[in-house]
Amino acid sequence: MTARGGTPSIPPRAAGASPQKPQAPDSGYEKARWTVSSGIESAGVKEREQSDSGPLPGEGHDDADPPGTQPAGARVLKAGLHSAVALCLVTALVHVVVVFLAVAPSNSLSRRYGQQINAWVYPLFEQNWRLFAPNPDAVNRQILARTAHTASDGSMRVSPWFDLTAVDRAAVEHHVFPSHTAQNLLRRAWSSYVETHGADDTARSERAVMMQKYLSNIAADRVAGHNSGGAFDFIQLRVVTRPVAAPGATAGDRPPTPVENRLLPWWKVTPHGK
């Protein structure tokens with residue numbers, strides 16, 4: 001209402017009344033909202049409890065094996081692998097101990113079990129220290145061979161001397177990858193022959209006889225390869241040993257004086273040639 005003077009008038013009831021409180025929401029709506037929020041909170045609590053305690057019994061393990069068990073094949077494979085590793089470790093330890101006893105100074109263990117140690121070490125695990133303390137030859141050896149053939153009338157025909165060492169040297173010099181047989185076959189055969197026969201050319205063991213056959217067969221094959229078909233059934237070797245000349249020696253034009261000129265006996269060999 002408005003007074004005549006333009007001043008608004010306040011009704012008495014409105015002027016003396018206190019401000020009204022906001023009306024409370026509908027009790028049914030509040031109850032429904034509380035029920036929904038409580039359900040969500042209880043569901044969240046239940047999910048957290050399930051995640052902390054793990055899956056419930058019977059969930060996710062219908063087709064799998066019980067925890068802590070493995071198939072029989074996997075267990076057998078694992079056991080076999082462990083056994084193989086243990087066997088390798090034991091074998092390696094035994095090998096190291098045996099080789100140590102073989103190279104160590106003589107002691108009570110090496111004297112007592114010497115036969116077993118040698119059976120294990122030789123010939124596959126023989127220890128050789130030449131790599132660290134080489135002992136090169138201080139001499140040059142020249143191996144020559146000549147052959148003989150008995151004619152039908154009983155006469156003996158002897159060939160001139162043939163230098164086997166010169167043939168091997170020619171096969172080695174100026175070759176990037178020389179043959180192992182040209183470098184070592186004849187030389188090692190002669191060294192083994194000297195070790196088993198000594199200075200009198202007498203074979204005193206089966207190994208000595210074998211090395212004599214080995215050396216004579218090598219020489220016969222080398223001569224037959226350069227003999228142009230000449231027949232022979234006996235062979236004889238001659239070994240000339242000379243010292244190695246000193247570096248920068250002025251007397252290089254003449255060879256050093258031989259320190260040994262060894263003539264071996266005639267050996268019967270398989271007939272070669274026609």
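Modeller: The salt bridges are described below, pair by pair. The model is a predicted one, and the count comes to 4 salt bridges. Three of them are set out here, among them the pair formed by the side chains of D168 and R222, with N to O at 2.6 Å. This pair links distant parts of the chain, since D168 lies in helix α6 (residues 164-172) and R222 in helix α8 (residues 206-225), 54 residues apart. Both D168 and R222 are buried.

Another salt bridge joins D201 to R262, whose closest N and O atoms are 2.8 Å apart. D201 is found in the loop between α7 (180-197) and α8, whereas R262 belongs to strand β5 (residues 260-263), so this pair ties together parts that are 61 residues apart in sequence. R262, at 11% relative accessibility, counts as buried.

A further salt bridge is made by the side chains of K268 and D233, at 4.0 Å from N to O. Here the link runs between two strands: K268 lies in β6 (residues 267-272) and D233 in β4 (residues 232-243), so parts that are 35 residues apart in sequence are tied together. D233 is buried, because its relative accessible area is 11%, and buried means under 20%.

Notes:
Residues are numbered from 1 along each chain as its sequence is written. This is a predicted model: local features need pLDDT of at least 70, side-chain atom pairs count only at pLDDT 80 or more; totals for chains, interfaces and linings use all residues. Side-chain values use heavy atoms; hydrogens and water are left out. Helices (H or I, at least four residues) and strands (E, at least two) are DSSP runs, numbered from the N terminus. Buried means under 20% relative accessible area, exposed over 50%, partly exposed in between (1.4 Å probe, protein chains only).
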